[in-house]
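Hi there,

Here is the structure I promised to pass on to you. Have a look at it first, and then read on for my notes.

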Amino acid sequence: MLYFHWIAGTILALAWLSRIVDAAIGMPSVVDVSQPEWDRRVSVNSGSVIPKVSIIVPARNEEEAIEQSLTRLLELDYDNYEVIAVNDRSTDRTGAIMEAVAQNPHFSQKTREMGHPVLRVIHHRKLPPGWLGKTHAMWTATNEADGEWLLFTDADVLFRPDSLRRAMAYTEAERADHVVVFPQMIMKRPGEYMMIAFFQTMFVFGHRPWKVADPKSKDHMGVGAFNLVRRSVYEAVGTYAALRMEVLDDMKLGKVVKNAGFAQRNVFGADLISIRWAHGAMGVVNNLTKNFFAVLSFQWPRTLVSAFGLAFLNLMPFLGVWLAHGWERLPYAIALASMFAIYVGMSWRSKVPAYYFLLHPVSTALFVYTLLRSMFLTLSNDGIIWRGTKYPLEELRKGMV
């Protein structure tokens, strides 16, 4: 125990300091397509039209959000696109609302201008064996789509009119095959700010967005709110049929695209797209419960180790700076300063004030709880229950990419 604080503190200081230095050097290279230079038109292709984009919107029991989401998509200022909305076995009014939006005469002019229906609705009544509802919905929609590009998004995402045009302009300039736009999180309660701040901190620590464009790195990216992929690339990696039982389908799409050697990019977009991800701190806990055990490949030993590591990495700097004595506090202080610097950096890109750093220990405890809760519920239920459907654990493990 004589050198415990020096060893523990040094490990933490190196871990956090190296990440903030890496982020400070690399993060400025991640483009922000909301900037004026990306307010441009997209070039026409060989057919003298701009590339057609098929926007895929799977939805199950989204009656509160789906009308606004679809309406925003139908107001995009891009000149060649279609929206395919999939009502995935909803038990509420989601399907009826989709149909009402599709029949709204307000959008008939855009349909005439493009020469094809801007919004098409698909209704699913049953889920075939061996599929998750969401992946099956997206796979079905892509079979009906005829765009050169596919944009996968969620039913509660809000698009600004120029969002797709800017993203496509960037895609054209970069000759990218897969582009992810980070959404702006809409937060209304202190618990949401606290939990999303922690999530973003761990995202910066665990992922390196600035390395995604590097073909030599294994860093990859996928975000359910905005996954834009070239159709030929989507087909080359096996379509969503290859991800049919993937709970983390958005990230895994990014993984298979990157591993196949295609050009992948991720960008900031300010408020080009936005989403209210959760309501309150426990809303974040509930949203992540189905995912966390999947992140760790449904392996309980790995999950327990990760829970300990998460607690050590995030709580020990706060504890150590009080429990240690004299110069032993220095490495803990360096770790805390580096952690705070990440919060400051995030505050420049998001609406989370840097002072939420002070609640970092509270959010750490809640995330450790979420991780263990995800493991316990999945094991006790022998699977996950997602939007009213149970998916057996054995099938989930077999379907992992």
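Below is what I found, going from the whole chain down to a few single elements.

Please keep in mind that this is a predicted model. The protein has 401 residues, and its radius of gyration is 22 Å; a compact globule of that length would be near 21 Å, so the two agree. Along the principal axes, the C-alpha atoms fill a box of roughly 75 × 50 × 40 Å. Of the residues, 55% count as buried. The accessible surface is about 18,100 Å², and carbon and sulfur atoms account for 59% of that. If you take contacts between residues at least 6 apart in sequence, 81% of them join residues at least 24 apart.

As for secondary structure, there are 14 helices and 12 strands. Seven strands make up an open sheet with mixed pairing, and their order is β3-β2-β1-β4-β8-β6-β9. The edges are β3 (119-124) and β9 (264-268); each has a single partner strand, so one side of each has no neighbour in the sheet. From one strand to the next, the twist averages 20°. Within this sheet, β1 (residues 53-59) and β4 (residues 149-152) run parallel and are joined by four bridges.

Which residues of helix α3 (residues 94-102) are buried? They are Thr94, Gly95, Ile97, Met98 and Val101. These residues lie on the same side of α3, because they cover an arc of only 165° around the axis. An α-helix has 3.6 residues a turn, so residues three or four places apart point the same way. The buried residues of α3 pack against the strands β1, β2 (81-88) and β3, and also against α2 (66-73).

Finally, go to β11 and β12, which form a hairpin with two residues between them. In the turn, Arg387 has a positive phi of about 55°. β11 (residues 383-386) pairs with β12 in the antiparallel sense, over four bridges, and Ile384 stands opposite Tyr391 of β12.

Best wishes

Methods: Residues numbered from 1 in each chain as written. Predicted model: local features only at pLDDT ≥ 70, side-chain atom pairs only at ≥ 80, totals over all residues. Heavy atoms only, no water. Pairing = 2+ DSSP bridges. Axes fitted to C-alpha atoms, helices over the stretch in contact; angles between N-to-C directions. Rg over C-alpha atoms; globule rule 2.2 N^0.38 Å. Buried < 20%, exposed > 50% of the residue type's maximum accessible area, 1.4 Å probe, protein only. Contact = heavy atoms within 4.5 Å. Areas by Shrake-Rupley, 256 points an atom, 1.4 Å probe, with all protein chains shown as cover. Arc of directions from axis to C-beta.
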